[in-house]
Amino acid sequence: MSSSSVDEITEQTKDLFTQDGVLLKAAMGRMVQDLNSIGMLCIVQNGDGTKCIEWRPNDLITIDSDTQDQEWAVVNTIGRRQRTLSGNMTSDYATARARIIKIPLEDLKTFRVTRNNQQMQFSTKPGVWQTTFYFQHGNAEIFVAYLKNHVKTAKTRHDRNTYVVVEPNIETQVLNRSFAELDIFTENTTDVVWNLVSNFKQRPYETTMEAFSKLTDIVYYGNEGMNGKRDVSEEVADLLTKSMSALEDSTTVTRTGEYEVVSVKPTLPPRPCIPRGTPLSTEKWEGLQDTEGRVTEVEGVKQLIFRGGVAHSIRQSVWKYLLDYYPWRMTHSELRSLQRKRTEEYFSMKLQWRSMTDGQEARFSEYRDRKSLVEKDVNRTDRTHPFFAGDNNPNLIVLQDILMTYVMYNFDLGYVQGMSDILAPLLLLMGNEVDSFWCFVGFMDKIASNFDMDQAGMKHQLLQLQQLLLFASPELAQHLQQKDSGNMYFCFRWLLVWFKREFSHRDIMRLWEVLWTGLPCSNFHLLVCVAILDAEKDIFISKDYGFTEILKHVNDLSMCLDVDRILSSAEGIYHQVVSAPHLTDQIRIILGIPPLNTTTSTSSDEATTSQSVQQANGTGDGSAEAAERDMEEDTLEYDGIQIKIVTKTVWALLA
Amino acid sequence: MAKTYDYLFKLLLIGDSGVGKTSILFRFSEDAFNISFISTIGIDFKIRTIDLDGKKVKLQIWDTAGQERFRTITTAYYRGSMGIMLVYDVTNEKSFENIKNWIRNIEENASADVEKMILGNKCDLDSKRQVSKERGEQLAIEYQIKFVETSAKDSLNVEYAFFTLARDIKAKMEKKQEASNPAPRTGGHQLRANEQQRKPTSWLSRCSLL
């Protein structure tokens with residue numbers, strides 16, 4: 001197509017449907033900075049009458065929309081084009097235009113809707129999902145409904161979320177004939193046939209497709225879905241394979257007597273077995289502070305805590321640092337004045353709700369609702385633990401007061417179920433209302449997104465968990481996907497309260513303090529999930545657990561988990577993942593590792609990258625420089641995996 | 001696999017936080033009551049197989065977190081439910097008012113043909129009562145849903161409620177089958193053990209397969 005003809009027709013392009021707030025999650029051949037940008041997903045009619053799906057990044061929408069020329073549309077060429085740009089005005093414009101993604105409807109082969117209707121993927125080529133979009137506002141339902149006005153689709157039975165785009169005239173005939181030839185239902189006069197016949201009259205095409213896809217189920221998954229119909233003849237299977245390839249589904253089917261979905265995945269390096277260390281002891285803790293009480297080796301402390309946790313005798317003190325209540329580099333006297341300030345602040349916030357009259361409360365429904373929620377939950381938080389047990393236990397009042405004061409501290413967030421679970425171990429350890437409150441504030445700051453009104457934070461984490469699992473334990477991830485559990489909702493409780501319901505108080509304290517270090521990577525708690533699930537993989541798969549059994553099994557793991565074993569295997573999985581040759585940017589981003597394909601990380605920068613990462617993970621404040629002077633990096637070896645140890649001191653302490 | 005039941009029904013308990021959903025379920029599945037229950041985070045279910053007119057009916061009862069914020073997650077489990085218990089607390093006016101919202105929530109997320117029942121729980125706490133039995137009955141009439149006051153603590157009407165809901169589902173299912181299958185050979189199409197692993201859809205569509 002020549003450029004002049006493009007210009008002529010662009011005048012006539014028309015947006016048939018637009019959906020705002022659509023995030024580009026993945027696209028083949030795109031630069032990584034394009035990913036995760038928000039834009040508008042549209043169905044567009046071109047001047048020549050053809051239609052396409054188009055995604056435009058938000059920062060582009062102000063630019064004239066007549067810049068869509070056909071050549072930009074080919075998704076796979078965009079990456080190449082961007083490399084040729086030099087930064088002048090025209091090419092900025094071109095860069096922006098190149099970021100538009102176009103999928104001509106005539107090329108669209110299949111699309112699917114996943115993640116609770118919030119994610120859509122498109123494919124123009126069998127076996128590859130080229131683009132993935134995430135619907136931030138609402139879901140994909142309306143978009144799909146509009147799209148179905150423009151393409152004829154059929155759902156595949158083995159994955160009800162996947163739509164195959166079909167050309168009705170040709171395909172219907174083929175399928176009708178295929179179905180007649182199959183003739184497998186006629187022997188038994190059951191409601192199956194009755195329904196089939198009646199449905200067939202009303203909706204011939206859909207009925208055929210659905211019956212047909214049921215057959216693919218038999219071939220794919222064995223025939224447990226069809227009662228008593230166990231003999232699918234070779235002939236039928238053969239016909240099915242032919243038609244399957246005609247449909248060009250995204251899966252690759254090989255015929256080897258038995259039919260299997262074949263996928264070749266690169267394997268991870270072997271998992272190193274990294275022993276846990278001993279808890280940070282009083283002596284070591286004191287040894288890491290200067291005479292005035294400043295913690296001089298923050299990274300070292302964190303490393304030690306990551307390796308072995310904190311001895312119970314000093315938890316009360318160390319947690320205040322880990323939860324950002326105490327700054328690491330404050331002296332004892334500075335801390336005393338900080339504590340005085342925070343105490344005043346706490347009690348003035350507490351007074352705000354304590355001084356509310358009954359009349360005020362009666363006219364303040366939002367406050368009242370929160371108070372009632374807090375009361376309900378306080379009465380059912382860890383009541384079996386002696387600290388909270390029994391009627392009229394004064395600790396329940398403290399629990400209630402802290403949560404109510406937090407409502408005043410952060411009224412927008414208010415009180416959400418799960419917060420009482422988060423607070424209980426803190427209060428149990430601190431035994432002091434003010435300290436518990438400020439530690440709770442610090443913990444909440446780390447996990448506030450878990451309690452989002454729209455649960456976006458939870459959904460995001462569940463998605464990341466799914467992606468990590470697919471990389472670290474693909475066989476299990478696929479099993480979950482097949483059993484309608486790919487959304488990982490069964491891990492909701494784990495993530496919401498950071499495994500609080502899964503472990504005893506003693507163990508949850510260990511797990512939390514390790515996770516608070518932020519080591520060895522971002523989102524290590526998701527790797528803890530992966531470690532727990534991976535340990536159950538054989539049960540899930542060998543017993544062919546389905547949707548309900550998976551949820552039940554996961555819920556029943558509560559109080560049966562070994563915290564040290566899990567932490568050790570989560571760390572092992574971390575090393576497996578990061579040393580995998582096929583490590584993707586998607587996984588790097590989840591783990592907080594800079595992606596390879598960024599423009600900033602050119603080869604000349606690479607030498608400094610690891611250092612800057614360490615700084616980013618470290619204290620971040622200017623006083624870190626002091627510690628850096630005596631920071632000599634050492635490397636520890638376990639089973640061939642190299643673990644960086646930041647300082648000589650830590651090295652000595654570990655030895 | 002040896003079949004240990006004739007029917008499998010998926011039921012769901014919904015209602016405001018703290019109305020006693022978990023306690024009702026615990027009473028029904030374990031015949032026990034625990035004053036210091038923990039709040040439900042996420043979702044869980046329990047199983048009890050009951051005998052209903054000579055048939056073994058396996059009830060898979062799902063228990064959900066009540067707080068509104070978690071609804072985006074919990075509604076994902078509505079699909080495939082055949083019966084829903086709407087629970088309020090007779091000592092909490094707000095939980096009663098919210099029943100209307102829960103019904104709307106069901107209409108948006110569950111199958112249209114799902115059987116429903118309203119339970120006014122904690123009826124043992126008469127001194128703290130805020131919602132009279134008459135108002136509960138009135139609401140039930142308004143929505144044409146069965147209603148009963150229960151006490152998980154005193155084990156009052158909990159069995160009755162689940163048996164009633166199960167019986168209604170069974171009757172509806174058998175009626176539907178007669179209509180769609182003129183010559184039933186075994187007295188009704190039966191759900192199979194492996195059905196529970198399938199994608200949740202309208203439960204009636206499971207019975208008719210297509």
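Here is a short tour of the sheets, some helix contacts and a few local details.

This is a predicted model, in which local features need pLDDT of at least 70 and side-chain atom pairs count only at pLDDT 80 or more, while totals for chains, interfaces and linings use all residues. Residues are numbered from 1 along each chain as its sequence is written, chains are lettered from A and ligands numbered from 1 in the order in which they are written, and side-chain values use heavy atoms, with hydrogens and water left out.

Let us begin with chain B, where six strands build an open sheet of mixed pairing in the order 2-3-1-4-5-6. Strands here are DSSP runs of E with at least two residues, helices are runs of H or I with at least four, and both are numbered from the N terminus; two strands pair if DSSP finds at least two bridges between them. Strand 2 (43–52) and strand 6 (146–149) of chain B each have a single partner strand, so one side of each is left without a neighbour in the sheet. From one strand to the next, the twist averages 25°. Further in, strand 4 (residues 83–89) and strand 5 (residues 115–121) of chain B run parallel and are joined by seven bridges; B:M85 has B:M117 as its bridge partner.

Helix 24 (residues 547–556) of chain A lies across strand 2 and strand 3 (55–64) of chain B, at about 120° to strand 2 of chain B. Such angles run from 0 to 180 degrees between N-to-C directions, with axes as lines fitted to C-alpha atoms, for helices over the stretch in contact.

Chain A has an open sheet too, with nine strands in the order 4-3-2-1-7-6-5-9-8 and antiparallel pairing. Its edge strands are strand 4 (101–104) and strand 8 (153–155) of chain A, each pairing on one side only. Seven bridges connect strand 2 (residues 38–45) of chain A with the antiparallel strand 3 (residues 51–57) of chain A, and A:V44 stands opposite A:C52.

Now to the helix pairs. Helix 17 (residues 419–430) and helix 22 (residues 505–516) of chain A pack at about 100°, with axes 11 Å apart. They are therefore roughly perpendicular, a term that covers 65 to 115 degrees, with under 35 roughly parallel, over 145 roughly antiparallel and the rest oblique.

Most residues other than glycine have a negative phi, and most peptide bonds are trans. The peptide bond from A:L519 to A:P520 is cis, with omega near -5°, and A:P520 lies in the loop between helix 22 and helix 23 of chain A. A:D324 has a positive phi of about 60° although it is not a glycine; A:D324 lies in the loop between helix 12 (312–322) and helix 13 (332–354) of chain A.

Terms used
Contact = heavy atoms within 4.5 Å.
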